[in-house]
Amino acid sequence: MTLILTASDLAVLADMQATIAAVELAFGDITRGTAHQPAPTSLHLPSSDARFVPMTALADEQQLASVKLLADIPANRGAGLPTQRSTILLASQITGETLAILDGRVPTRVRTAAASAVASRHLGRPDSRVLGLVGAGALAVAHVEAMLAVLPIEEVVVWSRSTTTTDGFREQVLRHGLSVTVVGSPGEVFETADVVCTLTPATEPVVHGRWFRDGQHINAVGSRPRPDHREIDTEGMVRSRIFVDSRATAAEKSGDLLIPVGEGALSLADVQGELGEVVAGRVPGRISDADITLFNSVGIGMLDLAIGRLLYDGAIEQGLGLRVDLSR
């Protein structure tokens, strides 16, 4: 039987603390060789700007194979539709049975924030107390919850183009008891923040390296998985010690990295390592309090597999979802 899990089912099941632990293990398993994370293929045709990205993974620990089909369709914005949609399929590594089909929205949001938390734990200063957010949507709310799990955050500084969005953000994080300051420009976020998460669907840089201060850690999260889109300018990438979720993935679809490489300002060899190599102790992360570290979070299928295991197990335990016999 295959379990069908909707977005409303998954919102009930998602647990940030458990996801952070699962994501940290997943990153390390890629480096240890007990998980297989191939580079993604981006499918597109000249007839439109749409891209379809199959994100696959295989793992011993979770005994799963998975694929998420990400549809990235910028033209949907004009029709009032989501510009990104995704569906995750989980199959047993042992028998090949399709165990579950999940709507991708909630898992993607939660595991993305969890990845930033893992990066911040290993690359940020452990005394980081001010969280900066460039962008204030649902992903920003998830990042607050994730960062509180790994750092002693007391204050949030946030910017968005929309006051409606920042008002909604403030209301949703009120329960955490944090001091929240809304600022008028992205540059102001960097003036006081210890850790900054950039969460915008930018195509051109909204963040400039001249703003970076010694000791800051940046999670570059928001840009679409396209080699010509970026949030961080070339100076920002050059000034930082860069870490990625996957070298192969970043080399395929990270504009934040590939544009400076194309300009001759960086080379792919300037990437310090994958986050999994830091988690597994194979590559040093932060070396000094003055380091500017940057995690280029492009998104990998192994993280969907990791949270998928948690959500599937939780749904079985709580009796959620619709069971379907696909073989009939």
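I count Ala, Val, Leu, Ile, Met, Phe, Trp, Tyr, Cys and Pro as nonpolar, Asp, Glu, Lys and Arg as charged, and the others, Gly among them, as polar. The model is predicted, so I note that local features need pLDDT of at least 70 and side-chain atom pairs pLDDT 80 or more, while totals for chains, interfaces and linings use all residues. Residues are numbered from 1 along each chain as its sequence is written, and side-chain values use heavy atoms, with hydrogens and water left out.

**Cavity.** I worked on a 1 Å grid over the protein atoms alone, where a cavity is a set of points that a 1.4 Å probe fits but cannot leave, a pocket is an open set with protein on both sides within 12 Å along at least five of seven lines, and lining residues have an atom within 4 Å of a point. Points are joined across faces, edges and corners, and a volume is the space filled by probe spheres set on them. I found one cavity of 30 Å³ or more. Its lining is Q37, P38, P40, M55, T56, T249, G299, I300 and G301. I sorted these into four nonpolar, five polar and no charged residues.

**Largest pocket.** I read a volume of about 1,400 Å³. Of its 48 lining residues, T83, Q84, L139, P201 and G222 are the closest to the centre.

**Second largest pocket.** I noted about 250 Å³ of space. Here α4 gives the most to the lining, with four residues.

Definitions and conventions:
Helix = DSSP H or I, 4+ residues; strand = E, 2+ residues; numbered from the N terminus.
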